[in-house]
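The following exercises ask the reader to locate residues and to classify them step by step. Each task is followed by a worked solution.

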Amino acid sequence: MFEPNWYKLPSLSALRAFEATARTGSFANAARALNVTQAAVAQHVRSLEAELGVTLARRAGRTVTLTDSGARFAARLSDGFSTIASGVDEVVAGES
């Protein structure tokens, strides 16, 4: 069984902010989806990039374009968050 090293993982807030940015295409749309400010989303994405040492997104005006690394990472996060959401749904429905 996989045991993550929780000390090496980025914050969940930063991961959620990046995934929402990737999915919606902008910091503003991600902020609306997460019910936080645009500045908070942008800061989370910047801090995630700094922590990982990888550029994940390129800012172009009001839109955000993912780098190749960012696109791959966003896909993995999307899969992971989908798995978590499914698990929550199963537990709530009593299907575990």
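## Exercises on salt bridges and exposure

Glu49 has a relative accessible area of 11% and is therefore buried. The structure is a predicted model, and the exercises below refer to that model.

**Exercise 1.** Identify the salt-bridge partner of Glu49 and state where the two residues lie.

*Solution.* Step 1: the side chain of Glu49 meets that of Arg59 in a salt bridge, with an N to O distance of 3.0 Å. Step 2: Arg59 belongs to strand β1 (residues 57-60), whereas Glu49 belongs to helix α3, so the pair ties together parts that are ten residues apart in sequence. Step 3: the relative accessible area of Arg59 is 37%, and Arg59 is therefore partly exposed.

**Exercise 2.** How many salt bridges does a search of the whole structure find? Describe the one that Glu19 forms.

*Solution.* Step 1: the search of the whole structure finds two salt bridges. Step 2: Glu19 is paired with Arg23, and their closest N and O atoms are 3.0 Å apart. Step 3: both Glu19 and Arg23 are located in helix α1 (residues 12-24), where they are four residues apart, about one turn of the helix.

**Exercise 3.** Are Glu19 and Arg23 buried or exposed?

*Solution.* Step 1: buried means under 20% relative accessible area, and exposed means over 50%. Step 2: Glu19 has a relative accessible area of 10%, so Glu19 is buried. Step 3: Arg23 has a relative accessibility of 52%, so Arg23 counts as exposed.

**Exercise 4.** Which residues are in contact with Gln38, leaving aside its neighbours within four places in sequence?

*Solution.* Step 1: Gln38 is situated in helix α3. Step 2: with those neighbours left aside, Gln38 is in contact with Phe27, Ala28 and Ala31. Step 3: Gln38 and Ala28 are ten residues apart in sequence, and their C-alpha atoms are 5.1 Å apart in space. Step 4: the relative accessible area of Gln38 is 45%, so Gln38 is partly exposed.

Technical notes:
Residues numbered from 1 in each chain as written. Predicted model: local features only at pLDDT ≥ 70, side-chain atom pairs only at ≥ 80, totals over all residues. Heavy atoms only, no water. Salt bridge = Lys/Arg side-chain N within 4 Å of Asp/Glu carboxyl O. Buried < 20%, exposed > 50% of the residue type's maximum accessible area, 1.4 Å probe, protein only. Contact = heavy atoms within 4.5 Å.
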